[in-house]
Amino acid sequence: MLSFESDYTTGAHKNILNRMQEINLEQQKGYGGDKICESAKEKIRKACECEDAQIQFLVGGTQANAIVTASMLKRYEGVVAARTGHVSVHEAGAIEYTGHKVLEICGHDGKIDAGELSEFLKTFWDDGNHEHMVFPGMVYISHPTEYGTLYSLKELGDISGVCKEYDIPLYLDGARLGYGLASMSADVTLPDIARYCDAFYIGGTKVGALFGEAVVFTKKNMPKYFMTMVKQQGGLLAKGWLLGLQFDTLFTDGLYYEISKNAIDMAELIKNGFQKKGYRFFIDSPTNQQFIIMENERIEQLKSKAAFSFWEKYDESHTVVRFATSWATRREDAEELCRII
């Protein structure tokens, strides 16, 4: 069975596993207070070209989104996100569980438009009854988005400008950040993200690590006692060195970027295969997620040979399905999928 259902179905890169084995019996300080975590943080600061970056390793993406959002918002504030945003759809109400509301606005291929964001914020503050409403206290974007699309440098800068105008932080969900940076269509770099965003996270779970994300605060703005709040909300590992080791390895000799490129190459291979067979695409994604409009009957036939994800109903006889590649996708598997279709 070929597997293209997601980008976190494989374990970890061999360099990570080898290094874990090498130091497995060494004694390490707990909760991320070890030298390995410090080394990883320094490498991330260098990659971000942000010497003042404050970094905390968390166990997963949902924990990162919920804890960062809750810790940066005041009790009367909510977070602005596209209706298709991960925090809006596929995080089981994790933000709302913290006592905050997701304030949804229209998205375009998964992306927020700076002009529409500005209008949304202006409308709120112009409303004479806004003190009876949930205040917009943060803006959430994901890069790549849930539809595999990317913000351009101009779009990112424009959104950042709106956030500065209204004095609210911009937070970027980087669960698949490596694949966004490696895309042939990308003009946004990691230093660009560090410059424009007040906080973001570098995804490890989907990009070569066994688990874990690196949350980066870029403006000396890490909330006070942030680690305490991370522990309080279940995002802290006692064996924090396991997280530090993975990011220290991923940010050694450009490994994070190297393995991310494999996902893009394999996605392009699959994309070309579907195009040659005349399949329609639901959206033009330049990253590792490809969304195909398929006949329901054909989907049932393909299920016996390949695993992929349901995305949404298209019409009575067609469904949008997603094929996702990863850092570990093998060329022979991608070629075999093309042969089957």
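Which residues lie nearest the centre of the largest pocket? In this predicted model they are Tyr-8, His-86, Ala-175, Arg-176 and Lys-206. They belong to a lining of 26 residues. Residues are numbered from 1 along each chain as its sequence is written. Local features need pLDDT of at least 70, side-chain atom pairs count only at pLDDT 80 or more, totals for chains, interfaces and linings use all residues, and side-chain values use heavy atoms, with hydrogens and water left out.

Pockets were located on a 1 Å grid over the protein atoms alone. A pocket is an open set of points where a 1.4 Å probe fits, with protein on both sides within 12 Å along at least five of seven lines; lining residues have an atom within 4 Å of a point. Grid points are joined across faces, edges and corners, and a volume is the space filled by probe spheres set on the points. The largest pocket has a volume of about 440 Å³. Helix H3 (61-72) and strand S12 (309-313) each supply at least two of its lining residues. Helices (H or I, at least four residues) and strands (E, at least two) are DSSP runs, numbered from the N terminus. By class, the lining has six nonpolar, 12 polar and eight charged residues. Ala, Val, Leu, Ile, Met, Phe, Trp, Tyr, Cys and Pro count as nonpolar, Asp, Glu, Lys and Arg as charged, and the others, Gly among them, as polar.

The second largest pocket has a volume of about 160 Å³. Its lining has 16 residues, and Tyr-31, Gly-32, Lys-41, Ile-55 and Gln-56 lie nearest the centre. Helix H2 (35-48) and strand S2 (54-58) each give two or more residues to this lining. S2 gives the most, with four. The classes here are 10 nonpolar, four polar and two charged.

H2 also meets helix H11 (residues 241-250). Their axes, lines fitted to C-alpha atoms over the stretch in contact, come within 8 Å and cross at roughly 35 degrees. Angles run from 0 to 180 degrees between N-to-C directions. In H2, the contact (heavy atoms within 4.5 Å) involves Ile-36, Cys-37, Ser-39, Ala-40, Lys-43 and Ile-44. Trp-241, Gly-244, Leu-245, Phe-247 and Asp-248 are their partners in H11. Seven of these residues are nonpolar, two polar and two charged.

Backbone exceptions occur in loops. Most residues other than glycine have a negative phi, and most peptide bonds are trans. The bond from His-143 to Pro-144 is cis, with omega near 0 degrees. Pro-144 is found in the loop between strand S5 (135-142) and helix H7 (153-165). Asp-109, not a glycine, has a positive phi near 55 degrees. Asp-109 sits in the loop between strand S4 (102-105) and helix H6 (114-126).
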